[in-house]
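Visitor: I'm new to reading protein structures. Could you walk me through one?

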Amino acid sequence: DPHSYTKLDDQGNDLPDSATYWATVQDNVTGLIWEIKWADDGVKDYSNSNDQDNTYTWYDPNPVTNGGNAGTPGDGTDTEDFINGLNAAVYGGFSDWRMPTIQELMTIVDRDRRSPAIDDFYFLSSSSNNYRSSTTYVYDASCAWYVKFSTGDTDNGRYINGIYKSGSSYVRAVRSGQ
C-alpha cells in the first residue's frame, strides 16, 4: 500500500503538510502514531527523549513480554527509560507510548528509498541505522528484532534481523491510532 501520513501538533491535532514543526506523525494507513526525532546534531542528550542521536539498550523487566530475557537496564539509557520519559512528559498529548513490534516498525519502511529508507519529509532527522522493536528475536532471547533503515530492500529479509539487547541502538516510539 502507498504511504499516507499526517503531521500532528503537540496535542495530537492535525497540521497541514506545510507545518515546519510537528511532534508526531499519524500513519493514515495503519492508524499508528509515531514519535518524531529532532536535534540531529551528533550529540546525545538523554534529557531530551526526542534527540535523534540517542541510542538505547533494550530493557523490559516484564517476563510476560520480554521473551525470557529482560535485556540490559541503564540509567536513563534503556528503552524502558525512554518510553517512561515520553509518557511522563505526555509527549504529543498522550501517555500511552510504547516500543513498536517488528511488524509495526516494518510498516514505515519505504522500499523505494535509501539512507534512510523512510519518508524523510514526515520523519525528519531519521538515522539510516538500526531501529529496535519490542519483539524478542525468535532464534535467541538475548536479541530483539530490528529494522535497518539504510535500505528498504526486502530481498531475503536483509533489512530486518536480530541484535543483542545489551547493545545500543536507535528507538522510535509508537502509540495506537485513534
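Visitor: Which residues touch the most other members of the largest nonpolar core?

Guide: Some ground rules come before that. This is a predicted model, where local features need pLDDT of at least 70 and side-chain atom pairs count only at pLDDT 80 or more, while totals for chains, interfaces and linings use all residues. Residues are numbered from 1 along each chain as its sequence is written, and side-chain values use heavy atoms, with hydrogens and water left out.

Now the general idea: in soluble globular proteins, nonpolar side chains tend to be buried together. A nonpolar core here is a set of buried Ala, Val, Leu, Ile, Met, Phe, Trp, Tyr and Cys residues joined through side-chain atoms within 4.5 Å. Buried means under 20% relative accessible area, exposed over 50%, and partly exposed in between (1.4 Å probe, protein chains only). In this model the largest core has 38 residues, and Ile 108, Phe 123 and Phe 149 touch the most other members. Two or more residues each come from β1, β3 (33–35), α1, α2 and β5 (143–148). The largest share, four residues, belongs to β5.

Visitor: Which residues is Phe 123 in contact with?

Guide: Contact means heavy atoms within 4.5 Å. Leaving aside neighbours within four places in sequence, Phe 123 is in contact with Tyr 5, Val 25, Trp 34, Ile 36, Ile 108, Ile 118 and Arg 172.

Visitor: And how do I read a sheet?

Guide: Strands of a sheet pair through backbone hydrogen bonds, either parallel or antiparallel. Two strands count as paired if DSSP finds at least two bridges between them. Here, an open sheet of four strands runs in the order β1-β2-β3-β7, with antiparallel pairing. Its edge strands, each pairing on one side only, are β1 (5–8) and β7 (174–175). Look at β1 and β2 (residues 24–27): they pair over four bridges, and Thr 6 has Gln 26 in β2 as its bridge partner.

Visitor: Is Gln 52 buried or exposed?

Guide: Gln 52 is buried, with a relative accessible area of 2%. You'll find Gln 52 in the loop between β3 and α1.

Visitor: What about Tyr 139: buried or exposed?

Guide: Tyr 139 is exposed, at 67% relative accessible area. This residue sits in the loop between β4 (130–136) and β5.

Visitor: What is the phi of Val 90?

Guide: Most residues other than glycine have a negative phi. Val 90 is not a glycine, yet has a positive phi of about 50°. It lies in the loop between α1 (79–88) and α2 (102–106) and counts as partly exposed, at 42% relative accessibility.

Visitor: Gly 92 is in that loop too. Is it buried or exposed?

Guide: Gly 92 counts as buried, at 3% relative accessibility. Beyond residues up to four places away in sequence, Gly 92 touches Asp 9, Asp 10, Gln 11, Gly 12, Ala 23 and Thr 24.
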